Amino acid sequence: MSTASDRQGFAYSREQFQSLVEDVLRHAQSLGASEAAAEVSEGCGLSVSVRKGALENVERNRDKSLGVTLFVGQRRGNASSSDFSPQAVEQTVRAAYDIARFTAEDPAAGLPELNDLATPDEAARDLDLFHPWAVDAEAAAELARRCEAAAFATDRHVTNSEGAGVSAQQSHFWAGNSRGFRGGYASSRHSISVAPIAGRGSGMQRDAWYSSMRDAAELSSPEAVGRYAAERALSRLHSRKVGTREVPVLFESPLVAGLIGSFVQAVSGGALYRKATFLLDSLGKPVMADHLDLDEDPHQPKGKASAPFDDEGVRTSRRRVVDGGVVQSYFLSSYSARKLGMRTTGHAGGSQNLRLTSRLTRPGDDLDAMLRKLDRGLFVTELMGQGVNLVTGDYSRGAAGFWVEGGRIVHPVHEVTIAGNLRAMLREAGALGADEYTGGGKTTGSLLVPRMTLAGS
């Protein structure tokens, strides 16, 4: 085991992982598999939570996994194990082989095409994703206490808390297949969060906020996270319902990431080849407003969804997914691409650092400017439920936020439902704000939808 790996907190070195992958591929070949792929990974971390200043939970996690995929012709078998002993590795490979032998043939089954796989240089691209955080439980608890204390100190009407937490996580993996691909890297993700409660009795309101980064040095301060979470909870006091009507809706920027996520699902391979999407056959067709562009950059340094290759070892690349509202490309794995008679886009495992922009957005289009553009309607800051039907595009979600008149917030709103159709929402989308927020691997500003049905009292 390498001393460098020890210093980073991992139990296994890259060299050990590389050796495991080679053992799997050799054993698969000896059994008679026509093709094989293997991935070995390890993750470890610390999570600490406090509530009202008292330590609630300290959890240390260390997980490891070996995944094996074998093909016998066009029959596929998968098996996994958390035991890395030679006997367990052989048993895992044998299990995958036995599954493949008795599985029905699938014309789309197989490893990616050789020319789609990342080259050694491409696979070794350094995206600056690994920043281990040497924080112990005591220091993490103190950060969480500072965050929660800042929330309580914001205003006397912050009366309770669901707690604050700090998490420090890191992992690494190595993968390879019988077509020559080899690659792997380490990554990290750290966060601090809090969920304060404002008010008392039936008038209580809860909200939350967090900061999540690859590098702990780039996290927002605990005090900033606590104050902002408290301000959000306080702003919701004295919420009321509003009457049923058709109104324009302004989605807060973190919520727009969810709309982008639904779009990605609708133009992803699985939904397309199953014909279970409202955006079937949308390639080359307008699906968003003509001022909107959606770009993807998997090679963004420290990006939350950056990757030099996808889960199959296929190279990733920068691209424009939507240009002036028109779909330029789908999100396809090798399997879904074959099912559609197309070529993989390097998206086994999902999208990578998407950014929604508008050709009409100006630097001054902050949230206040977006509220003025809304003029009269609902500014949504929270959504509840999973009310998106990807087959029809019908959209219905529980919502909370603020009623806006004359471009100014009048009062908070709760217990309402907003409904529409995602196809129309995307196609008719109005202004996009410059108030960009990055949630997960999606960056966007607030988005104005001109017409939605608001069901209230």
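Visitor: Which residue is the bridge partner of aspartate 323 in S12?
Guide: Valine 326 in S12 is the bridge partner of aspartate 323. Keep in mind as we go that this is a predicted model.

Visitor: How many bridges join S11 to S12, and which way do they run?
Guide: Strand S11, residues 319-323, is joined to S12 by two bridges, and the strands run antiparallel.

Visitor: What sheet do they belong to?
Guide: An open sheet of six strands, in the order S12-S11-S10-S13-S18-S17, with mixed pairing. At the edges are strand S12 (326-327) and strand S17 (437-439), each of which pairs on one side only.

Visitor: Which helix packs on that sheet?
Guide: Helix H7, residues 253-266, packs there and touches S10, S11, S12, S13, S17 and S18. The direction of H7 makes about 125 degrees with that of S18.

Visitor: New topic: how do H2 and H3 cross?
Guide: The axes of helix H2 (residues 14-31) and helix H3 (residues 86-101) come within 10 Å and cross at roughly 45 degrees. That angle is why H2 is called oblique to H3. The crossing of H2 past H3 is right-handed.

Visitor: Which residues meet there?
Guide: On the H2 side they are Leu20, Val24, His27, Ala28 and Leu31, and on the H3 side Val89, Glu90, Val93, Arg94 and Tyr97. Sorted by class, this contact has seven nonpolar residues, one polar and two charged.

Visitor: And what about H5 and H6?
Guide: Helix H5 (residues 137-154) and helix H6 (residues 222-235) pack with their axes 7 Å apart, at an angle of about 40 degrees. H5 and H6 are therefore oblique to each other, and their crossing is right-handed.

Visitor: Who touches whom in that one?
Guide: From H5 come Leu143, Arg146, Cys147, Ala150, Ala151 and Thr154, which meet a set of H6 residues including Pro222, Val225, Arg227 and Leu234. The contact of H5 with H6 divides into eight nonpolar, two polar and four charged residues.

Visitor: Which strands does S1 pair with?
Guide: One is strand S2 (residues 54-72), joined to S1 by 17 bridges and running antiparallel. Leucine 46 stands opposite arginine 60 in S2. S1 also pairs with strand S4 (residues 158-177) in the antiparallel sense, over 14 bridges. There, glutamate 42 stands opposite histidine 172 in S4.

Visitor: What happens at lysine 52, in the hairpin of S1 and S2?
Guide: That hairpin has two residues between the strands, and lysine 52 takes a positive phi near 50 degrees.

Visitor: Last stop, alanine 79. Buried or exposed?
Guide: Alanine 79 sits in strand S3, residues 75-81. Alanine 79 counts as buried because its relative accessibility is 16%, and the cut-off for buried is under 20%.

Visitor: What is alanine 79 in contact with?
Guide: Leaving aside neighbours within four places in sequence, alanine 79 is in contact with Leu66, Gly67, Val68, Thr92, Ala95 and Ala96.

Visitor: And glutamine 205?
Guide: Glutamine 205 lies in strand S7, residues 205-206. With 11% relative accessibility, glutamine 205 counts as buried. Beyond its neighbours within four places in sequence, glutamine 205 has contacts that include Pro196, Ile197, Arg236 and His414.

Methods:
Residues are numbered from 1 along each chain as its sequence is written. This is a predicted model: local features need pLDDT of at least 70, side-chain atom pairs count only at pLDDT 80 or more; totals for chains, interfaces and linings use all residues. Side-chain values use heavy atoms; hydrogens and water are left out. Two strands pair if DSSP finds at least two bridges between them. Helices (H or I, at least four residues) and strands (E, at least two) are DSSP runs, numbered from the N terminus. Contact means heavy atoms within 4.5 Å. Axes are lines fitted to C-alpha atoms, for helices over the stretch in contact, and angles run from 0 to 180 degrees between N-to-C directions. Angles under 35 degrees count as roughly parallel, over 145 as roughly antiparallel, 65 to 115 as roughly perpendicular and the rest as oblique. A crossing is left-handed if the near helix is turned anticlockwise from the far one by less than a right angle, and right-handed if clockwise. Ala, Val, Leu, Ile, Met, Phe, Trp, Tyr, Cys and Pro count as nonpolar, Asp, Glu, Lys and Arg as charged, and the others, Gly among them, as polar. Buried means under 20% relative accessible area, exposed over 50%, partly exposed in between (1.4 Å probe, protein chains only).
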